[in-house]
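I am opening my notebook on aromatic rings today.

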Amino acid sequence: MIPIKSASEIQRMRAACAAAAEVLHTVAAMCVPGVTTAELDEAAGDLIAEFRGKSPFHGYKGYPGNVCVSVNEEVVHGIPGKRRVQYGDVVSLDVGIILDGYVGDNATTVAVGVVKPRTQELLHVTEKALYTAIAKARAGNRVGDISNAVQTLVEANGFSVVREFVGHGVGRKMHEEPQIPNFGRAAEGPKLKPGMTLAIEPMVNAGTYEVEMLSDGWTVVSADGQPSAHFEHTVLITAGDAEILTWPKKKPLK
Ligand code: MF3
Ligand code: CO
């Protein structure tokens, strides 16, 4: 069963998602050479607490961080620690918050200074894949329309979509039905209906789509060591265009 949110639930989703967006925007702006990934995590934790929210990631299956910070060939679920961000890195940040019983989830990948043209292109194509997918997130369409939009754009640009991790419904819980793969056939899968809230999240590798898990049990890396990118929004299906719930409402101070 894919939950359909009531008007009051949607209001709470809007609040949670706006907060998640602001936290993400703030830590993204902190991605400068020399900052440690633990410092990013701590700043995110502080801001989440200021919102009187909680991180849905912290403690999830024992995950130790507030957020995920995945650098270069790390795809997702990088555990924050002593590593320092360096000039030329690409840093994927995944931020969720639970506010008033509802979860907002979003991610972005930032380039720290100038990166290789092909890496910059990877970021651009992954972000574009997200918005192309959101354009397909319409009542009457199916999950496969979202999946296919991502895969088609990504592969047309010579990149590959990660298979092992997928987008998902989001609401009372971080992961609800349906699963939203970043690959698949158009017009297949569950039908989208107004009131569904979905986390759409292309994870795209520059080289092979194959991934490996590091010995920490969390960090997922590309099997060939080439860079990876991750962009995610939580969206609301409506009678018209999807509403992107995780646009930041407010710019961070710095
Ligand atoms: N945004 C990720 C997801 O949708 C976050 C999970 S990280 C974890 O699955 F640590 F909580 F697993
Ligand atoms: Co997610």
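My entries on rings and ring contacts follow.

**Entry 1, the model.** I note that this is a predicted model.

**Entry 2, ring pairs.** I looked for aromatic pairs and found two in the structure. I took Tyr63 and Trp218 to begin with. Their ring centres are 4.9 Å apart, with 80 degrees between the planes. I logged the pair as edge-to-face, because planes over 60 degrees apart count that way.

I traced Tyr63 to the loop between helix H2 (37-50) and strand S1 (68-71). Trp218 is in the loop between strand S10 (211-213) and strand S11 (220-222). The two residues are 155 residues apart, so I wrote that the pair links distant parts of the chain. Are they buried or exposed? Tyr63 is buried, at 2% relative accessible area. Trp218 also counts as buried, at 17%.

I turned to Tyr131 and Trp247. Their ring centres lie 5.9 Å apart and their planes are at 20 degrees, so I logged them as stacked. Tyr131 is in helix H3 (residues 117-135). Trp247 is in the segment after strand S14 (243-244). This pair, too, links distant parts of the chain, 116 residues apart. I found Tyr131 partly exposed, at 27% relative accessible area. Trp247 is partly exposed as well, at 43%.

Which rings does Arg163 lie over? I found Arg163 over the face of Phe183, at 5.3 Å from the ring centre. Arg163 also lies over the face of Tyr209, at 3.9 Å from the ring centre.

How values were computed. Residues numbered from 1 in each chain as written. Chains lettered and ligands numbered in written order. Predicted model: local features only at pLDDT ≥ 70, side-chain atom pairs only at ≥ 80, totals over all residues. Heavy atoms only, no water. Phe/Tyr/Trp six-rings, centres within 6.5 Å; stacked < 30°, edge-to-face > 60°. Helix = DSSP H or I, 4+ residues; strand = E, 2+ residues; numbered from the N terminus. Buried < 20%, exposed > 50% of the residue type's maximum accessible area, 1.4 Å probe, protein only. Lys NZ or Arg CZ within 6 Å of the ring centre and 35° of its normal.
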